[in-house]
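Q: Please take a close look at one part of the structure shown here. Then set that part in the context of the rest.

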Amino acid sequence: MIQEPFAIGASPLHQTDPRLKIILATAYSFLVAVLQGFPALLTALVLSIALVAVARLDSRALFRRLGLANGLILFLWVLLPFTFPGKPLASIGPFALSLEGVRFCAQITLKSNAIILALIALVATSPIATLGYALHRLHVPAKMVLLLLLTYRYLFVLEQEYERLARAMRMRGFRPQTSLHTYRTYAYLVGMLFVRASARAERVHQAMLCRGFTGRFRTLKTFTLARRDWIWPFAAGCAMSGLIMLEWTTGWH
Amino acid sequence: MHISEGVLSAPVLISGMVLAAAGTGIGFKKMDYNHIPQTGMLAAAFFVGSLIHVPVGPSSVHLVLNGIVGLLLGWAAFPAILVALVLQALFFQYGGITTLGVNTVIMAAPAVICYLLFARLIRGRPAVSLTASFACGFLAVFLSALLVGLALVSTREDFFKVSSLIVVANLPVMIIEGVLTLFCVVFLKKVQPGMLPGNPSFETRAAVNHPAGSSPP
């Protein structure tokens, strides 16, 4: 259920310093999030697709992710064009399709996909454990990093715990329905998940203290910026200033 | 409940980030290194729990669980939910870097509000406790839906109809969350009352198990 299909690979993006990738992904996401004009947004989408191409990712997993993320966008496409005020473009029965609404939806779709693709190409191409250490080097508070790494570490354990409880329920003939019994059963399942999690946390904590835990995870991993890594900030700088120029010249109406 | 990348305007994104940072800061302040395993493990359980789908008629909804997480973690719900959302963004690309702040506030602020409102009532007489736990689950989702709407309307006022629709459409989810939280509290009271707030072991467990001398810096 929970997988990182993009984390392992041999592309140039997989080999780039994760600190750099986090910084670039953040800057790029924020820039694209504030773009307005269509030429700039389309260029951003093309840039993101180019990044994904450089990362050489499994296209099936990629499309599955995009499909998931576009669910809410689809919901907006159904609603916004009909609820926005503005020049009517066409009408279906009593509903008028507003030009404003369609424009806004198109904007959101382009932005959202450009940002998601860049996030996949830049950030999902590092294992999450590595990202945690990279965040630590980027001076994200130590408690935050520790919490992130611990949660990540036990996510899979608790997923298995959940699978085990769900299997036991099925073995006893549980069939989910719309009934109070079903909801109570799920509530007990969730409750048990929390109880097991809490008890495990206690044991893990004691084990950590026994091993001399002082509030820091140590790692032998060191990050070094290779000379070829410097191409990324340079390319990103050019691309992002290009986008800003494009927005400046064509985006203001 | 979350908002995708690319929908919200810059002022809304920035306010979300500031509020999320403030909430997370308070959460971390109230939590020393001894609490991190508990918080992280419960954040992982929250992540897994929110993948569970329960049937509603012919369709199904996934659990939100921010009410119960608020009860179990108090202010620590802020960092826990933030971390869960980071992992969701990395695993599923639900939300992303720019919306992380807003989405954290959407999920965690109701959790903390419900904690502050209901933590004391939960240990009251059975009738009070049951009502409070239902209200906790219901209100947490209601406030989240309201915050989603607020974020959308602050971006553009034209979002008003969509926002009201989101709140109304989530009504069944609120009821289900209320029922689930009620039974969950009943279960925890029987099985592990120490996890619920107001119980002496809730505040002191970490301190008792690991006296001051052993606590890491």
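Does A10(B) count as buried or exposed, going by its C-beta neighbours inside 10 Å?

A: This is a predicted model. A10(B) counts as exposed, because it has 12 C-beta neighbours inside 10 Å and a residue with 12 or fewer is classed that way. A10(B) belongs to helix α1 of chain B.

Helix α2 of chain B covers residues 36–49, which makes 14 residues. At 1.5 Å a residue this helix should span 20 Å, and its end C-alpha atoms are 19 Å apart, so the two values agree. α2(B) is mostly covered, with 14 of its 14 residues buried.

Next comes the nonpolar core. The largest one has 149 residues, and the residues with the most contacts inside it are L42(B), V69(B), A77(B), A80(B) and I81(B). Helix α6 (residues 126–155) of chain B supplies the largest share of this core, 14 residues. Domain 1 (12–126 + 226–251) and domain 2 (133–210) of chain A both give residues to this core, so the core lies between them. Apart from neighbours within four places in sequence, V69(B) is in contact with L42(B), F46(B), A77(B), A80(B), I81(B) and A111(B).

L65(B) sits in the loop between β2 (59–62) and α3 (66–73) of chain B. L65(B) counts as buried, because it has 30 C-beta neighbours inside 10 Å. Its phi is near 70 degrees, a positive value in a residue other than glycine. Most residues other than glycine have a negative phi.

H139(A) lies in the loop between α7 (128–137) and α8 (142–171) of chain A. Its phi is also positive, near 65 degrees, and H139(A) is not a glycine. H139(A) is exposed, because 8 other C-beta atoms lie within 10 Å.

Now for chain A as a whole. Its secondary structure comes to 10 helices and 2 strands. Read from the N terminus, the order of elements is α-α-α-α-α-β-β-α-α-α-α-α. The radius of gyration of chain A is 23 Å, well over the 18 Å that the globule rule gives for 253 residues, so chain A is more spread out than a compact globule. Its C-alpha trace spans about 65 × 60 × 30 Å along the principal axes. Of the 253 residues in chain A, 35% are buried. Among contacts in chain A between residues at least 6 apart in sequence, 76% join residues at least 24 apart.

Chain A is divided into domain 1 (12–126 + 226–251) and domain 2 (133–210). The C-alpha centres of these two domains lie 33 Å apart. Helix α9 of chain A covers residues 180–210 and has 31 residues. From its first C-alpha to its last it reaches 45 Å, close to the 45 Å expected at 1.5 Å a residue. After α9(A) comes G212(A), with a positive phi near 80 degrees.

One residue of chain A shows a buried position in a helix. A118(A) is part of helix α6 (residues 99–122) of chain A. A118(A) counts as buried, because it has 25 C-beta neighbours inside 10 Å. Leaving aside neighbours within four places in sequence, A118(A) is in contact with A25(A), Y28(A), S29(A), S48(A) and L51(A). A118(A) and V52(A) are 66 residues apart in sequence, while their C-alpha atoms are 7.1 Å apart in space.

Conventions: Residues are numbered from 1 along each chain as its sequence is written. Chains are lettered from A and ligands numbered from 1 in the order in which they are written. This is a predicted model: local features need pLDDT of at least 70, side-chain atom pairs count only at pLDDT 80 or more; totals for chains, interfaces and linings use all residues. Helices (H or I, at least four residues) and strands (E, at least two) are DSSP runs, numbered from the N terminus. A residue is buried if 20 or more other C-beta atoms lie within 10 Å of its own, exposed if 12 or fewer, and partly exposed in between; C-beta atoms are placed from the backbone. Two residues are in contact if their C-beta atoms, placed from the backbone, lie within 7 Å. The expected span of a helix is 1.5 Å times one less than its number of residues. The radius of gyration is taken over C-alpha atoms; the globule rule is 2.2 Å times the number of residues to the power 0.38. A nonpolar core is a set of buried Ala, Val, Leu, Ile, Met, Phe, Trp, Tyr and Cys residues joined through C-beta atoms within 7 Å. Domain bounds come from an automatic or database domain assignment.
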